[in-house]
Amino acid sequence: MSQVQMHEPQPDFIIRSRASLEDEHLQEALEKAGSGFVHKRQAAIDRIGNFEQLRDQAQRVRARALKNLDLYLLHFEKKVTEAGGQVHWAETPEQMRELVIGLCQKQNAKTATKGKSMVGEEVDLNEALEAAGVAPQETDLGEYVLQLAHERPSHIVAPALHKTKAQVQRLFRDNHALGERALDEVADIVNEARAVIRDRFLQADVGITGANMLIAETGTAAIVTNEGNGDLTATLPRTHIVTTSIDKIVPTWEDASAILRVLGRSATGQDITTYTSFFTGARSDQDKDGPEQFHIVLLDNRRSELLGSEYEKMLHCIRCGACMNHCPVYQSVGGHTYNSVYPGPMGAVLTPLLRHEEQDNQLPNASTFCGRCESVCPVRIPLPGLMRKLRDREQRERKHAGMAQWAVKLFCKLSRHPAVYRRLNDFNLRLVAIARGRKPRFQSLPFLSGWTRHRDFPAPEKSSFQSQWQQRQKEKQP
Amino acid sequence: MIETPSNSSKPKPQVGLFVTCPVDLVRPSIGFATATLLERAGCDVHVPPQSCCGQVALNNGQPEQTRALAWNIVQQFDEYDYVVIPSGSCGGTIKTHYPELFDEHDQRLQAVEAFCEKVFELTTFLTQVLDYTPVQAALDLSAETVTYHDSCAGLRELNIKQQPRTLLKRCANLDITEMQDTDVCCGFGGTFCVKYSDVSNHMVTNKVNNIRRSGASMVLGGDLSCLLNIAGKLQRLEPDNPNRVQVRHIAEVLAGELSTPAIGEHSPALEKGE
């Protein structure tokens, strides 16, 4: 018999979600962004008509890539090397930081421009670069805004989704020598950022980008952006470093196309993003431009442990963000509430698997299992099913059952005896009827304060359906 | 007469009615309305002793407890031709998740899979198995503005979308006035609504606002749990508004049984202290 713990510790997610719900700026930003993504995605899907087939194709590509991941990775390394580049393997976030810093220091780099890289965020690359004397300079507009604000991304595709236009204007006023320049329109804000960031591209010693895919066939890193900052980060400095993870492999260019067909549509409702860039190796003698050095640093960080496990399908994720765009919990509380680089449904599965900290157990619990995430996932990851498995894992690993778990167990044991269950229910309903008096509803209930804090509860009748049915059957008999 | 003409030479389908815990405990009228509907559609209705489908354990990390309850249900209902449930959520638990609970070496798996084949959510059973069309509509609600909340598990696990709308047209001459985001979760989510009370409140507030913006005087749904959540919020927000939106389960409307007050509303019987 497991020990009963009377007071469950207040989980962090709940405290953070309260703050997020009360944050007016965040709520304004979420409301503005929320349905936009949903409608754009739907419109993109309606335009082509065979999206379900495209999802099936993309899912097959991901499954095949992971089935022979080791072979594809080795082939990828061989091809990168042949193209004059180098692949580096990082088992842990710490190793990735060391490898990237080592590469920067070899170039005596003082500045590094950065394209968006969620893996870079996963390993806290910016902090490490700063500590090593290399100034990281974000070039994605959203990431640039967050660098000014000293904040983390709250969304994997739109990192500054939680910021309102007014907040960005304030940040620019505080940080840019604006003079007479206007910031009223979104275009003004973009132009202002462009002017500052353009200078950085020209001065950077190293360019660091992420990758949306790694194509094994030719040793190519593919990046999709809408701002073109990835191209300038990758091609202008003498050294291009790609920070990404081992699961991003696809076998062929044909496979990469299958992913691209669902990625833009799922993420932003675009048939294809403004820029889709492919980087293969270092500048050769025939090339007019491009980096002299091309490095790919591949992070594992427990991903290989998921291969062949009941969680393997999480590695199918192509980071489109559709799950969080459609998640009513994410849309209520925003990405920071998840306290992870990866928020929303995909983060609620991935974070406990990659980080495996006590506080992360809250994430897969903070879901109504409404299933909207799974219904839009371009590679059909069964996200609620994986969250359910993580809830099972949490209970297996738990040393002390909490009150709630104990209550569920008791209820289940009781439910296995329907006759006892019915009599006990009728007894309780009679008690409730006394408490109810003539009220049609309860405004507060001792064991359901989580409910009655925000809503009424209808007063039940004096006996259960089963008892009333039995009574009627008896009356019917002659 | 509102009976479907039945073919007397054919034996009547024997239906086991699984009412679900919320209906059993909070609103028996849904159970009776469901039984009435099934009988009108030509079925013999049976209510064997029953309890929970196990969803609460399934979603709270206790697969062993769920498995034990699942096997209980299979045995309790196995003698009937069909098992009908006025809930997409409990129906989804059985049809979608019971087979996942028994591994391929478990001798019970085959029986569980066969059992799941004859389990149906009410509106799916009436439309897709019986193609139920009453000779005369039980009610005429054609003058009313009514909206519908598509509960998540029914919608996404069991593809329940058109079935209730078809039946409301056939049985109540009613065309649904769709609200915005009808397919977005109301925030109930089982234990979620008490564990993550504030997030749940945000979600149900959005839902209720969409319902009110639709201009409807009544909202219907196929899952009592969601309806308790929605009704409780509407009533908390507008305690003194006698014209607030009324909340009912679809079975009550299809059966034409509106004599019971809407969910959480004043009952004349209660007023008199009966």
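**View 1. Salt bridges across the interface of chain A and chain B.** In this predicted model, the rule finds 3 salt bridges across the interface of chain A and chain B. A salt bridge here is a side-chain nitrogen of Lys or Arg within 4 Å of a carboxyl oxygen of Asp or Glu. Asp456(A) forms a salt bridge with Arg236(B). The closest N and O atoms of Asp456(A) and Arg236(B) are 2.6 Å apart. Local features need pLDDT of at least 70, side-chain atom pairs count only at pLDDT 80 or more, and totals for chains, interfaces and linings use all residues. Residues are numbered from 1 along each chain as its sequence is written, chains are lettered from A and ligands numbered from 1 in the order in which they are written, and side-chain values use heavy atoms, with hydrogens and water left out.

**View 2. The contact between chain A and chain B.** Chain A gives 63 residues to the contact and chain B gives 71 residues (contact: heavy atoms within 4.5 Å). The two chains bury about 5900 Å² between them, 60% of it on carbon and sulfur atoms. Buried area is the accessible area (1.4 Å probe) that two parts lose on being put together, summed over both. Arg455(A), Phe465(A) and Trp469(A) supply 13% of the area that chain A buries against chain B, more than any other three residues.

**View 3. Polar contacts and the chain A side.** Between chain A and chain B, 28 residue pairs are in polar contact, both residues at pLDDT 80 or more. A polar contact is a pair of N or O atoms within 3.5 Å; within protein, one must be able to donate a hydrogen and the other to accept it, and residues adjacent in sequence count only if both atoms are side-chain atoms. Helix 20 (residues 403-415) of chain A gives the most to the side of chain A that touches chain B, with 7 residues. Helices (H or I, at least four residues) and strands (E, at least two) are DSSP runs, numbered from the N terminus.

View 4. Thr113(A) lies in strand 3 (residues 111-114) of chain A. Thr113(A) is buried, with a relative accessible area of 0%. Buried means under 20% relative accessible area, exposed over 50%, partly exposed in between (1.4 Å probe, protein chains only). Leaving aside neighbours within four places in sequence, the contacts of Thr113(A) include Gln137(A), Thr139(A), Arg200(A) and Phe201(A).

**View 5. Lys114(A) with Glu138(A).** These side chains form a salt bridge, the closest N and O atoms being 3.1 Å apart. The pair links distant parts of the chain: Lys114(A) is in strand 3, Glu138(A) in strand 4 (residues 135-138), 24 residues apart. Lys114(A) is buried at 3% relative accessible area. Glu138(A) is buried at 2%.

**View 6. Glu310(A) with Lys389(A).** The side chains of Glu310(A) and Lys389(A) meet in a salt bridge (3.8 Å, N to O). Glu310(A) lies in the loop between helix 13 (303-306) and helix 14 (322-325) of chain A, and Lys389(A) in helix 19 (residues 383-397), so the pair ties together parts 79 residues apart in sequence. Glu310(A) is partly exposed, at 42% relative accessibility. Lys389(A) is also partly exposed, at 31%.

**View 7. Arg165(B) with Asp150(B).** A salt bridge joins the side chains of Arg165(B) and Asp150(B) (2.9 Å, N to O). Arg165(B) and Asp150(B) are both buried.
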